[in-house]
Amino acid sequence: MTQKQTRHAQDVVEAFKDKLSKSGVDHVGQKHFDELQLLIESAIDSAVFLELERIADQIDSLAHNVRHNAEHFES
């Protein structure tokens, strides 16, 4: 997890807290907000991982095509 992703998760939690009343924030409690932040960080990590996997698949396909074209190159 990068600091940028952690900061984004913190910002999301803070934005959520801003939508709650003071009594709502007190009722939920910091422990649950911390758990929410971890859930958000996990969701960000999963999204980033899936995107990196998709990009790696594209690079693999491109490498395969380049190799194929090089093997069948006619000058």
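The buried residues of helix 3 are F33, Q37, I40, E41 and I44, where buried means under 20% relative accessible area, exposed over 50% and partly exposed in between, with a 1.4 Å probe and protein chains only. This is a predicted model, so local features were kept at pLDDT of at least 70 and side-chain atom pairs at pLDDT 80 or more, while totals for chains, interfaces and linings use all residues. Residues are numbered from 1 along each chain as its sequence is written, and side-chain values use heavy atoms, leaving out hydrogens and water.

Helices here are DSSP runs of H or I with at least four residues, numbered from the N terminus. Helix 3 has 42 residues and, at 1.5 Å a residue, should span 62 Å; its end C-alpha atoms sit 61 Å apart, which agrees. The expected span is 1.5 Å times one less than the number of residues. As for the buried residues of helix 3, their cover includes helix 1 and helix 2 (22-28).

Take F33 to begin with. This residue is buried, at a relative accessible area of 2%. Setting aside neighbours within four places in sequence, F33 is in contact with V13, F16, K17, L20, V25 and V28 (contact being heavy atoms within 4.5 Å). One of these partners, F16, forms an aromatic pair with F33, edge-to-face, 6.4 Å centre to centre and with 65° between the planes. Rings of Phe, Tyr and Trp (its six-membered ring) pair if their centres lie within 6.5 Å; planes under 30 degrees apart are stacked, over 60 edge-to-face, and the rest tilted. The pair links distant parts of the chain, with F16 in helix 1 (residues 3-19) and F33 in helix 3 (residues 30-71), 17 residues apart. F16, for its part, is partly exposed, with a relative accessible area of 39%.

The largest one has 5 residues: A9, V13, F33, I40 and I44. Helix 1 and helix 3 each give it two or more residues, and the largest share, 3 residues, comes from helix 3.

Q37, also in helix 3, counts as buried at 15% relative accessibility. Beyond neighbours within four places in sequence, Q37 is in contact with T6, A9, Q10 and V13.

Methods:
Core = buried A, V, L, I, M, F, W, Y, C linked by side-chain atoms within 4.5 Å.
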